[in-house]
Amino acid sequence: MLALRQAEKEEEKRAREKIRQKLEEDKAERRRRLGLPPEEPGAAKQPAPPVEEKKSSLPIKPATKAERMRDCLRSLKQNHKDDDAKVKRAFQTLLTYVGNVAMNPNEEKFRKIRLTNATFHDRVGNLKGGIEFLELCGFEKIEGDEFLMLARDKVDVVVLNIAGSELNSAINNPFFGIL
C-alpha cells in the first residue's frame, strides 16, 4: 500500500509539473502574440511587493484601447438592452466596417462613412456608443461632422484586429455586458 501511495504521489507531481509547464508555454505564446518581450526566468520567481490599495472617489478609466472598446460596446448593449436584435445588428455592422478596412486599407470607400446614410444611422449612428466605437478604431469626423473618415496613414491593423476581436466576443458571448 505504501509503494502504491508513493507511486500515486509521484504521478500527481508529474501531472502538476506538466500542467505548470503548459501554463508557462501558453503565457509565453500570449506574450509573443501581444508583441511583449519574453519573460525572464528570474522575474517570475520573485513575488511582487504588496501594493496598498487607495480608495478613490473618481471613476477608474480603462487603460488600454481594447478595454475602452469593450466598455463602449458594453455601454451600447446596456443602453439598448430592451432590443437585443438591434444591438446584435449594430455589432455585426460595426464588425463589417472594421473588417472591410482591415482587409482593404487602401480603399477609401471602406474608410469613409456618411453619417447621414439612412442604413448607417438606423443600424449604428442612432445608438449611443456606435460612433464612439468607430472613433476608438481611428475614425474621425470630417467636413462639418458629415463623414467619419479613417485616414490612410492612420489605419492601424492591430487596433482594427482588436476591435474585431472585441466585436466577435460581444456577438458570440451570451453574457457580454451583463456582468
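Tutor: Let us begin with a definition: helices (H or I, at least four residues) and strands (E, at least two) are DSSP runs, numbered from the N terminus. Please note also that this is a predicted model.

Student: How many helices and strands does the protein chain have, and in what order do the elements run?

Tutor: The protein chain has eight helices and three strands. Read from the N terminus, its elements follow the order α-α-α-α-α-β-α-α-β-β-α.

Student: How does the span of helix 1 relate to the expected value?

Tutor: Helix 1 covers residues 2–33, which is 32 residues. At 1.5 Å a residue, a span of 46 Å is expected. The reach from the first C-alpha to the last is close to that, at 47 Å.

Student: Which residue with a positive phi follows helix 1?

Tutor: The phi in question is near 80 degrees. The residue that has this value after helix 1 is Gly35.

Student: Which elements give two or more residues to the largest nonpolar core?

Tutor: This core holds 31 residues, and those touching the most other members are Leu73, Phe91, Phe120, Phe133, Cys137, Phe139 and Leu148. The elements that contribute two or more residues to the core are helix 3 (65–79), helix 4 (84–103), helix 6 (118–125), helix 7 (130–136) and helix 8 (157–172).

Student: Which residues does Phe91 touch, leaving aside those up to four places away in sequence?

Tutor: Phe91 is among the core residues that touch the most other members. Its contacts, with residues up to four places away not counted, are Leu73, Leu76, Lys77, Leu167, Ala170, Ile171 and Phe176.

Student: Is Thr93 buried or exposed?

Tutor: Thr93 is found in helix 4. Not counting residues up to four places away in sequence, Thr93 touches Arg123 and Val124. Its relative accessible area is 9%, and the limit for a buried residue is under 20%. Thr93 is therefore buried.

Student: What share of the protein chain is made up of buried residues?

Tutor: The protein chain has 179 residues. Of these, the buried share is 26%.

Student: What is the volume of the second largest pocket, and which residues line it?

Tutor: Helix 1 and helix 8 each supply at least two residues of the lining. By class, the lining has three nonpolar, no polar and two charged residues. The volume is about 180 Å³, and the lining residues are Arg30, Arg33, Leu34, Val158 and Ile162.

Note on methods. Residues numbered from 1 in each chain as written. Predicted model: local features only at pLDDT ≥ 70, side-chain atom pairs only at ≥ 80, totals over all residues. Heavy atoms only, no water. Expected span 1.5 Å × (residues − 1). Core = buried A, V, L, I, M, F, W, Y, C linked by side-chain atoms within 4.5 Å. Buried < 20%, exposed > 50% of the residue type's maximum accessible area, 1.4 Å probe, protein only. Contact = heavy atoms within 4.5 Å. 1 Å grid on protein atoms, 1.4 Å probe; cavity = no way out; pocket = protein on both sides within 12 Å on 5 of 7 lines; lining within 4 Å. Points joined across faces, edges and corners; volume = space filled by probe spheres on them. Nonpolar A, V, L, I, M, F, W, Y, C, P; charged D, E, K, R; others polar.
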